[in-house]
Amino acid sequence: MNKTKLGMVAAVVLLMLGWGAGAQMQPSGMTFFITSAGSGKGADLGGLAGADKHCQSLAAAAGAGKRTWRAYLSTTGSGGVNARDRIGKGPWHSAEGRLIARNVAELHGLNNINRTFALTEKGTKVNGRADSPNTHDILTGSLPDGRVATGSSDTTCGNWTKSGEGAAMVGHHDRWGLRDDAPSVSWNSSHPSRGCSQDNLRASGGAGLLYCFATN
């Protein structure tokens, strides 16, 4: 085989390898991610509708916009909803194709949400407690079973419309906290935030990030 033909064969092989590598990174099968960025206004997400729009926009930018995306958030009061009831039936996979959970029951039992598997829509890791800055606090407003965290105090920053006073229940996506107890290692119900502003969220290890799930 002459040099010209060898070069052509090499080019075809490299093209095929490059296509294969690119194909593995395509998020068409992605049905779960952590947002790579928050709203920029702390826990003021524009309510559930605004949070869902944020998930949908990020998914679309990553090439997964044909699916219907919902933010894993609960709300309180009249017409309040539980996060577990608005995210579909599963199964859910990360941008790398890793299984997160097969269904809602497994999601709230033994799931694969951790710093290695729970990636952004771009397929990148989210900083955990061992990183700087730490952004492992993910907004949920929920109890460990995925239902709304109720009580006398605010747990949803005014149903995701406040960026000042108030608080929101958050989870640790890296399953690591100050202690080795259930709340510290909870992915969806670890502790209330120090407030609702971007600075308040940052002060306790957050950036206003969300869990997003595809419902279809």
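A word on conventions. Because this is a prediction, local features need pLDDT of at least 70, side-chain atom pairs count only at pLDDT 80 or more, and totals for chains, interfaces and linings use all residues. Residues are numbered from 1 along each chain as its sequence is written, and side-chain values use heavy atoms, with hydrogens and water left out.

I start with strand E8, residues 206-214. Strands here are DSSP runs of E, at least two residues, and helices are runs of H or I, at least four, both numbered from the N terminus. Nine of the nine residues of E8 are buried, so the strand is largely enclosed by the rest of the structure. Buried means under 20% relative accessible area, exposed means over 50%, and partly exposed is in between, with a 1.4 Å probe and protein chains only.

In a regular strand the side chains alternate between the two faces of the sheet. In E8, Gly206, Gly208, Leu210, Cys212 and Ala214 point one way. Ala207, Leu209, Tyr211 and Phe213 point the other way, and all of these residues are buried.

Strand E5, residues 137-139, pairs with E8 in the parallel sense, over three bridges. There, isoleucine 138 stands opposite leucine 209.

Next, the rings. Rings of Phe, Tyr and Trp (its six-membered ring) pair if their centres lie within 6.5 Å; planes under 30 degrees apart count as stacked, over 60 as edge-to-face and the rest as tilted. By that rule there are eight aromatic pairs. Take tyrosine 72 and tryptophan 187: the ring centres are 5.0 Å apart and the planes are at 45°, so the pair is tilted. Tyrosine 72 sits in the loop between E2 and strand E3 (92-93), and tryptophan 187 in the loop between strand E6 (169-172) and strand E7 (191-192), 115 residues apart. Tyrosine 72 and tryptophan 187 are both buried. Ring pairs link Phe32, Tyr72, Trp92, Trp187, Tyr211 and Phe213 into a cluster.

Now the cysteines. How many disulfides does the model have? The count is two, taking a disulfide as a pair of cysteine sulfur atoms within 2.5 Å.

One joins cysteine 55 to cysteine 212, with S to S at 2.0 Å. Its torsion about the S-S bond is about -75°, so this disulfide is left-handed. Cysteine 55 is in helix H2 (residues 47-61) and cysteine 212 in strand E8, so the bond ties together parts 157 residues apart in sequence. Both cysteine 55 and cysteine 212 are buried.

The other is formed by cysteine 157 and cysteine 196, with sulfur atoms 2.1 Å apart. This link is left-handed, with -95° about the S-S bond. Cysteine 157 lies in helix H4 (residues 157-160) and cysteine 196 in the loop between E7 and helix H5 (198-203), so the pair ties together parts 39 residues apart in sequence. Cysteine 157 and cysteine 196 are both buried. With the bonded cysteines numbered in sequence order, the pairing reads 1-4, 2-3.

Methods
Two strands pair if DSSP finds at least two bridges between them.
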